[in-house]
Amino acid sequence: MGSTVPIALPALKTNPKFIFFTDFDGTITNQDSNDYMTDNLGFGTALRKQGNQDVLYGRRNFRDSFQEMLDSVKTPFNECVDILRKNITLDPGFKSFFEWARENNMPIVVLSGGMTPVIRALLAHLVGEEAVDTIQIVSNDVAPREGKSINEEGGWKIVFHDDSGFGHDKSLEIRPYARLPAEERPVLFYAGDGVSDLSAAKETDLLFAKAGRDLVTYCENEKVPFTTFHSFADIHKTVQDIVAGKLTVQEAATGRK
Ligand SMILES: [Mg+2]
């Protein structure tokens with residue numbers, strides 16, 4: 001069957017039975033790197049939280065609100081990455097989950113509203129260089145502003161992945177897998193925490209939403225089945241039970257615990 005796999009579905013390369021899609025910021029990491037930059041280097045927490053609420057309740061689209069947040073950060077890009085390396089920490093359960101997934105042929109695909117160079121730098125720093133080589137990253141990018149270099153004051157801007165109101169519509173990457181014929185289709189998981197995950201929330205077989213975060217509210221309002229997690233240790237246990245056939249994805253979707 002390997003030869004029939006379309007090139008657009010890179011996670012099928014090893015014929016996995018399960019694929020784990022995940023948000024990066026605030027999900028694999030404890031803090032959101034874009035929020036951190038906005039709060040500490042840009043226009044601050046109050047305006048950022050107002051923007052998040054406006055998106056969550058449909059008053060604005062994610063793209064415009066997010067662009068405004070990052071435009072308020074004028075710090076050179078290399079300095080931003082250094083500051084993030086010093087301040088962003090890894091979910092305590094992620095590394096062992098990553099190793100288990102690799103041993104069990106479960107690809108991890110990062111779908112992020114953040115910027116690829118930040119994610120690569122943080123994954124290498126927090127998990128190890130092998131994580132950068134192993135984990136597929138689909139996210140937004142960064143580019144210099146006209147006449148500037150990214151590593152000077154006011155020199156960089158975010159470049160969105162697609163034209164959607166999400167900036168990066170995460171459903172675009174998941175849907176081709178979801179639409180595979182039943183006999184070829186792996187079980188699809190997704191983990192996320194916030195407004196950047198709204199586009200992905202309805203697409204997979206089991207959604208893990210971080211306890212106490214905006215994605216839980218959204219799933220309840222929109223009646224999307226989900227289960228909550230506190231750290232990747234919770235996800236690890238549930239996914240392991242599903243892979244072992246002890247639990248079904250339907251049984252696992254218990255909502256707010
Ligand atoms: Mg997030």
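The questions and answers below concern helices, a sheet and a core in a predicted model.

Guide: Residues are numbered from 1 along each chain as its sequence is written. The model is predicted, so local features need pLDDT of at least 70, side-chain atom pairs count only at pLDDT 80 or more, and totals for chains, interfaces and linings use all residues.

Visitor: Why are helix 2 and helix 3 called roughly antiparallel?

Guide: Helix 2 (residues 45-56) and helix 3 (residues 62-71) pack at about 170°, with axes 9 Å apart. Helices are DSSP runs of H or I, at least four residues, and strands are runs of E, at least two, numbered from the N terminus. Axes are lines fitted to C-alpha atoms, for helices over the stretch in contact, and angles run from 0 to 180 degrees between N-to-C directions. Angles under 35 degrees count as roughly parallel, over 145 as roughly antiparallel, 65 to 115 as roughly perpendicular, and the rest as oblique. Helix 2 and helix 3 are therefore roughly antiparallel.

Visitor: What makes helix 1 and helix 4 roughly perpendicular?

Guide: Helix 1 (residues 33-41) and helix 4 (residues 77-87) pack at about 110°, with axes 11 Å apart. The pair is therefore roughly perpendicular.

Visitor: Which residues of helix 1 and helix 4 meet?

Guide: S33, Y36, M37 and L41 in helix 1 meet C80, L84 and N87 in helix 4. Contact here needs C-beta atoms, placed from the backbone, within 7 Å. By class, this contact has 5 nonpolar, 2 polar and no charged residues. Ala, Val, Leu, Ile, Met, Phe, Trp, Tyr, Cys and Pro count as nonpolar, Asp, Glu, Lys and Arg as charged, and the others, Gly among them, as polar.

Visitor: What makes strand 4 and strand 7 edge strands?

Guide: The open sheet has 7 strands in the order 4-3-2-1-5-6-7, with mixed pairing. Strand 4 (156-159) and strand 7 (227-229) each pair on one side only. Two strands pair if DSSP finds at least two bridges between them. Strand 6 (residues 206-210) and strand 7 pair in the parallel sense over 3 bridges. In strand 7, T227 is the bridge partner of F208.

Visitor: Which residues does F208 touch?

Guide: Leaving out residues up to four places away in sequence, F208 touches F189, Y190, A191, T227, F229 and I235. F208 is also among the residues with the most contacts inside the largest nonpolar core, which has 60 residues.

Key: Core = buried A, V, L, I, M, F, W, Y, C linked by C-beta atoms within 7 Å. Buried ≥ 20, exposed ≤ 12 C-beta atoms within 10 Å, placed from the backbone. Contact = placed C-beta atoms within 7 Å.
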